[in-house]
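Subject: Structure handover

Hello,

Here is the structure I said I would pass on. My notes on it follow below.

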Amino acid sequence: MAGNEVPFSDSLKTQGNMQQTLPLQNATKADVSDKQTLLAVLQFLKKNNLKGTEELLKREASIKDDDVRPPTSSQSETDVSHALAAYKSADDPSRFADYYTNLKTFIESCLDAHKVELSVILYPVFIHMYLEMVYNEHESYAISFFRRFSKEQEDFYQEDLQRLATVTKKEHMKGNELMESFKASKFVIKMSRDSYNHLKRYLQENKMKPLLTIIQEHLFIDVFDGVPRTKQQIDATSGGLMGESERDANKVKVFYGLLKEPDINMPLEEEDEAPEGDDKPKKKKPKKDPLMMKKSKNDPHAPAFNRIPLPEMKDQDKMEKITAYREALKRVKVNRENLPTICFYTVLNSYQGVTSIDMAEDSSLLSVGFADSTIRVFTTSSQKLRGMKTAGELDSIDRDADDVLERMMDDRTAADSKLLTGHSGPVYAARFSRDRKYLVSCSEDGTVRLWSLLTWTNLVCYKGHNHPVWDVEFSPYGHYFVSVGHDRTARLWATDHHVPIRIFSGHLSDMDCVKFHPNSNYIATGSNDRFIRLWDILNGNCVRIFSGHKGSVQTLCFSPDGRFLASSGVDSIVLLWDISTGGLMAQMKGHTDTVYSLCFSRDGGVLASGGLDNSVKLWDVVKVLQEVDTDADTSIPSSVHVNDSAGLLIGSWATKATPVLCIHFTRKNLMIASGPAALQEDKSPHKT
Amino acid sequence: MADKEHKEQKIGSQISAETIKVIAESVGIGGIPDDAAGVLAEDSSYRLKQIVQEAVKFMHHGKRHRLSTTDIDNALRAQNVEPLYGFQTGDGIPFRFASGGGRELHFVEEKEFDLQEIVNATLPKIPIDISLKAHWLCIDGVQPSIPENPPPASKDQQQKEILDTTVKTTIEKQVKVITPLAEPHKIKHKHKGITDLAKVKDLSNHELSVEQQLYYKEITEACVGPDEARRSEALQSLASDPGLHQMLPRFSTFISEGVKINVVQNNLALLIYLMRMVKSIMDNQTLYLEKYLHEFIPAVCTCIVSKQLCMRPEVDNHWALRDFAARLMGQMCKNFSTSTNNIQARITKTFTHAIQSDKAALATQYGAIAGLGEMGSEVIKSFLLPHVKDIGEKVKTVLEGPILNAADKIAAENIKKSLAKYLSPVLKALRGPGASVDDYTAEFGSLGPMLHTAVGRERKSSGNQGSQLAKTTGLGTPSQDRTRPTVTIPTPRSQFVIQQSSSLGSLPGTPKQTQGAIRTPGTTTLIQGGQPKTPSTPGQQKFIVMTSRPSNNGQSDKPLSMSSGTPTVVKVMSGGSQGQIPSAVPRTPTTPKIVVMSMTQGNSGLPGQGGPGGQDLGMRSVFTDQINNIKKESENS
């Protein structure tokens, strides 16, 4: 509602939606490229004076004369020079520092309420002034400008500033990742109307052209009606490479509810349960059915079951569901009063370096990815890992036997761990499918590999990312998996296609982690640009942008009910997001180093985190939900309160010297954590 | 300000044009103009910074703190540049630092390897395979004190505890066993950091849980009991278990009282056991001992300089005890001496006093010499050397004197040997090889010739010297038993984390121990319930499970020829200024105090014979050797 009335930001709001990769668009794109090829051919013909052929081709392809215009130079080059030319100005570089100081003095002189809001624009103005000077080859001015003002910027921007500081020459600007981000996108700032008017008046009064240009061309000011935000509120959500997320970006409805559970054959359950314990099931039976019914009632927030085509359930999946359900009945409470029990798995003798650890949903398997490009799968139960029998042997098995699955397995191959080799670079993620038949892994070598856990061999190698793949994850319903990587794209794959079926792009830097929404309709990606995005698998749209991290986002986790998303990373702050509103709910500070793993308890009441600071911490989500102000209008940023009280921490348990790379809650809410034992040489930096 | 400068430096750091020139020359391009070199330098620093920034991403995803060479390689590859070969190091590049002429330089040392050597070298050991080990990080929110977990109270915390009693209470709160009856609300984990505003010092009472009491009882019994295998296990536990700090005051009292009694009793064996306990406690890295030194030091000192430590000084080998205690004292001085407590100075003074004193017994003097000898060469130089002549005279009078006292004679011999042992390395460094016997005689009197030969021998074979001396002194090998006997024992430590589910109680060390835990229904009840009924609640479930002791075998095999086999000794002794340095304490019974001390039922002799439970674990401690020696000696005489 607001923001649209702003004169100079109005016309500049088109970008942000370019990252959609609909199949439909793909098709049109293909058309376009075909046409371009034709045009190129025509130009060639024209150049070489082959008029007859040219005419013929034109007629045949029905292209009008106007379309064929000789391009001045190659497309990309014009793009770059055009975009960079934004910085071109004839202004005296020595005056930039004055402009900046002038702006600063103005902000200082404002009322306190506006001061904090207005001071947010200092950082982007600083950056663009610096870049302008660099572009116009005033190197010494640029450096002295940088030295003078860079220390005044917020702490969480210092990392970017360091990277920026390396750019001191015009030639450097080309091809620099950070540069391209700055020139291609606008820095988003949220501001109350009062503050905005202040700024407008100031700019009109003091005709400082370069300043005006920068604010007009490189800033997007999202104006809202309401009281100005406090410093705390601003800090909570700023920190992204490009400021904050726009409010408009988070308006689309997200179906965060869970999918309707398919009806499972109840008699089967009764049969199974009866012999086990005679006293308990009878009591629970009547309770259970209403529970099931309630869930299966239509959740207004849930997507339709067939919104995304999902594989049909096999008998085995149903059995699995029943076991899971039965185990869930034995779930213990985990909350402030009932602290959890944590079982810690230490990976010993991992000299080559552990790069990832993951646990299967039912907690029976543990995968460890190593820097030497191997993957190991360990069993954590008494059930050993076995391979399937050879084809000849399988042939002789009675296929109608009840225990045919058991008979398929070869006991001679039983072992506590299996080694999977095939990658040619560090394995950055290795994740199990829900049915534990497959493992999908990604690596520095740019490939994603699908492994069979029945034959313990590599089934498919998916090539598409040409750069290191940082993370991969299976859909909770199987069949699909998604990978993210250094090439700033997320790719959705189906196990039976060797090419991706969706490509999501829009992040300004590497995508570092990815998670499937529990209903399999969305994926969330965390990036090095310090934003988190939620993407709709159906149409490839980005439906949420969360800003607030001050460092690269390394881990994400959806709450079991699908409504909340927790994230953390290099900045070691754990953030909790509400997917329905796109708002930040809580900030949990306590870790002292990168957080690599997050997990909600099975009932969603508690969030566990672990990372390089060798500790497991537990956070109270219930308390966050209790304390949330339900009356607040989420469309007005200043009325949203971010819970960052220290009381959210329930407990913290330290390991001796083991970083925590994986945290998991079993179906019964027992906590499992895992990490590699620190090598001797790794210990020294901790101590000093 | 410093920070500011630091940042500027970061921004400004550049490869210099000279570097570029040198690099260019090294690849055969000479005569690069200055301008070109400057441009190249700037560009290459920019590119380098880009690569490093890229490499940081790989470091993050490698879950590490430290940037490695492979990260750089990967970053290069991601930029489509061929990576550098030949820089694969597992543990960071060993940069060396050099400075000179106001310049600082870090460089990688490139050693030349002899290929022949590498080819002929024995193959390195195959690294141990990767394995998974499970343990409980916490049980119902309470972290069990097992070796896999960090100690409940770090040394720093224990240190703070001395200064501030409120800290103490918080530590205890953290570690406190949640008794089954305690309501869950009472667990005050969230109040960890909050100290009392009023700063009222609480009376901190050292309440020990049932388990801790049991542990204490088992450990103390095992340490002074007859079963050597059990003892070594107990000592091992003392030396390595975290979380003993709560029991430390009890142990220190046990030791100091034990020494007081057994010195009067002249019970050599028990004194040895107690000293071994001291050694183990000192070896425990998780304990902050400073608070209890006032009890340990007098006890150890007593064992060094006491006039009499055994029933028959002429046959028993109390010298070994004195040596051992002296080594402990040396270690203590090294570890704990500070400018405020002046331990080393005070101890040295005491020893010197004993050496100078005419009245002091020869055994005391022996102890004092050993004590000084263990303090290091500086102490030997300034406190022992000046007195050698006097000691020599004394020894001479004893050896050649008219009154023949067997005990004194042995003492005199031992003093001579010990002097030779401690002085020869110092003298070797101090005096040139040219010094003659006469020089030595002039300086050290009657001991001169002996010292001369000792130094000569030391020069000749500094390698064999230790064992030679060992032979000459007739002790256990002094240089070797510095390595604590208990450490070398490969005894599997029979510690169990007691769980309600029997399937869990397997030994640690077998990697898959608790894996069943996740799925066995038994555990679920444990986790679910939250109110187990037995005292063996999770949290403090540490037990040293001992091999069951054979019921008193009644073997009156008394190597130490103790006259009484009574299990309990009631002793009337002085309770006066026992806290002082014992050598100075007059043992006049002023205020009688009755101490009851449970004694062992004789010594069961060789560890192998300890009974069905006491297996011979390949453990032959110095002291059992000694005891055997003593036995033999007594047989001979």
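A charge is taken to sit over a ring if NZ of Lys or CZ of Arg is within 6 Å of the ring centre and within 35 degrees of the ring normal. In this predicted model, the charged end of Lys170(A) is placed that way over the ring of Tyr135(A), 4.6 Å from its centre. Chain B has an example with an arginine: Arg231(B) lies over the face of Tyr273(B), at 3.6 Å from the ring centre.

Aromatic pairs

Over all chains, the count of aromatic pairs comes to 24. One of them joins Trp319(B) and Tyr366(B) edge-to-face, with 4.8 Å centre to centre and 75° between the planes. The two residues are 47 residues apart and belong to distant parts of the chain: Trp319(B) is in helix α13 (residues 318-336) of chain B, and Tyr366(B) is in helix α15 (residues 362-373) of chain B.

In chain A, one aromatic cluster is made up of Tyr100(A), Phe126(A), Tyr130(A), Phe145(A), Phe146(A) and Phe149(A).

A sheet in chain A

Chain A contains an open sheet of four strands in the order β4-β5-β6-β9, with antiparallel pairing. Its edge strands are β4 (354-359) and β9 (417-421), each of which pairs on one side only. From one strand to the next, the twist averages 20°. Strands of a sheet pair through backbone hydrogen bonds, either parallel or antiparallel. Here, β6 (residues 374-379) of chain A and β9(A) pair in the antiparallel sense over five bridges. Within that pairing, Thr374(A) stands opposite Thr421(A) in β9(A).

Ser373(A) lies in the loop between β5 (365-370) and β6 of chain A. With a relative accessible area of 14%, Ser373(A) falls under the 20% cut-off and therefore counts as buried. What is Ser373(A) in contact with, leaving aside its neighbours within four places in sequence? The residues are His423(A), Ser424(A), Gly425(A), Pro426(A) and Val427(A). As for His423(A), its backbone oxygen lies 3.3 Å from a polar atom of the side chain of Ser373(A). Ser373(A) and Gln352(A) are 21 residues apart in sequence, and 9.4 Å separates them in space, C-alpha to C-alpha.

Chain B as a whole

Chain B has 23 helices and seven strands. It has 637 residues, of which 45% count as buried. Among the contacts in chain B with a separation of 6 or more, 67% are between residues 24 or more positions apart.

Two positive phi values

Most residues other than glycine have a negative phi. Asn80(B) has a positive phi, near 65°. Asn80(B) is found in the loop between α4 (69-78) and β1 (95-100) of chain B, and it is exposed, with a relative accessible area of 74%. Asp140(B) is not a glycine either, and its phi is positive at about 50°. The loop that holds Asp140(B) runs between β3 (131-138) and α6 (155-163) of chain B. Asp140(B) counts as buried, at 19% relative accessibility, where buried means under 20%.

Regards

Definitions and conventions. Residues numbered from 1 in each chain as written. Chains lettered and ligands numbered in written order. Predicted model: local features only at pLDDT ≥ 70, side-chain atom pairs only at ≥ 80, totals over all residues. Heavy atoms only, no water. Pairing = 2+ DSSP bridges. Axes fitted to C-alpha atoms, helices over the stretch in contact; angles between N-to-C directions. Phe/Tyr/Trp six-rings, centres within 6.5 Å; stacked < 30°, edge-to-face > 60°. Buried < 20%, exposed > 50% of the residue type's maximum accessible area, 1.4 Å probe, protein only. Contact = heavy atoms within 4.5 Å. Polar contact = N/O pair within 3.5 Å; in protein donor to acceptor, adjacent residues only side chain to side chain.
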